[in-house]
Amino acid sequence: MKRTKRFFVPILAAVAVLSVFTACGKDKKAAGALRTADSDGLFAVRIIEPTVFNEFSAADLLGYFKEEGIKVEYVGTVQGVSNYQLLEQDALDVATGHPPQVAQARLAGMKIVAVIPGMVDHPQYPHVRYFVRENGPIKSLDDIVGKKAAIGSFSACSDGYLRYYLNERGIKGDVEFVVLPTGGQPEQALTQGLIDMTNSHPPFGSIAKKAGGNVQIASSWDILHSPGAGLSIRAFTEDFVTKYPEVVRGFSRAMYRARLWINANMEEAVPLVSAHVGLDPDNVDIEWDAFWFEDSNIIRPEYIDKWFEIAESLEYWKHGDIKPEDIYTNEFAPAPVVSSAN
């Protein structure tokens, strides 16, 4: 296993993240000369190599980025705060995650802003599924105290949802969180009996399902019952959006088209994206291996508010330290489309 950590007090997660952000900010590179399009007329936008079901892959493979004069360059696979470290260091142009991560980055002095929505939670296509061994000690989420749970990284969703669940029900005690960042690794660890529970992000749910002996006991929708509680965002630095506003607009249009296309074409989208993240398309399951994406052209304010409610209940920051409207903008939102079928 990669490494094991235990949280004794929820606030420690936020403190650890903020300290990393602050240290990173001190080494920020000076802004360089303006970048231009290459000889093919395409502007390079650096993103992380996708590791889960996502709209970046669809926008790239369907040619939506190219139609906007953009080509994406993949710069490796990172999760959690590393996105924002690379963004601040000018080694990445677009970071992904959930709204609390942007808020924490800004609290640490980083000038980052969420511009584009990504996926949202959905009862049929939940953001996170929780799997356990069928004959293991965990029968419901109430039983996770004192057990070993795999997560991809320490973040608002990976360990945050579970801690939120325990807090809301007044369940006291610790959970041993084991970080297994590679897609499919947590599901395999569960099958091998190395952990007691894993959360699983698409498109890896079917790995746990098909392995046999595993059972889903809950989903993020069961915990939160809100599309907004699953909202992911795509963020840029304020410097990037100031220098390249038309690139940001084009990127936003391409991502919007990809979100709508995925929602309307799941049977094509799931194998297409799954292949891009290294899975055999013949082995994926549409029912288990897809996210549902935001079909609005904007970041919905009520979804940001929901995330602030969750984050403040976990003591990521104190109420009033930062406002929801401080972390996002809809200035670069594309024109709305009436129906995802379009």
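Author: Happy to! Start with the largest nonpolar core, which has 52 residues, and in which Y130, L141 and M197 touch the most other members. A nonpolar core here is a set of buried Ala, Val, Leu, Ile, Met, Phe, Trp, Tyr and Cys residues joined through side-chain atoms within 4.5 Å, and buried means under 20% relative accessible area with a 1.4 Å probe, counting protein chains only. Helix 13 (residues 301–313) gives the most to this core, with 6 residues; helices are DSSP runs of H or I with at least four residues, strands are runs of E with at least two, and both are numbered from the N terminus.

Now look at M197. Leaving aside residues up to four places away in sequence, M197 touches Y130, F131, V132, I138, L141, I144, K148, A149, A150, L162, L190 and I217. A second, separate core has 40 residues, among them A59, I70, V94 and L279.

A word on the model itself: it is predicted, so local features need pLDDT of at least 70 and side-chain atom pairs count only at pLDDT 80 or more, while totals for chains, interfaces and linings use all residues. Residues are numbered from 1 along each chain as its sequence is written, and side-chain values use heavy atoms, with hydrogens and water left out.

Stepping back, the protein has 13 helices and 13 strands, and 53% of its 342 residues are buried. Helix 11 (residues 245–264) is largely enclosed by the rest of the structure, because 14 of its 20 residues are buried.

Technical notes. Buried means under 20% relative accessible area, exposed over 50%, partly exposed in between (1.4 Å probe, protein chains only). Contact means heavy atoms within 4.5 Å.
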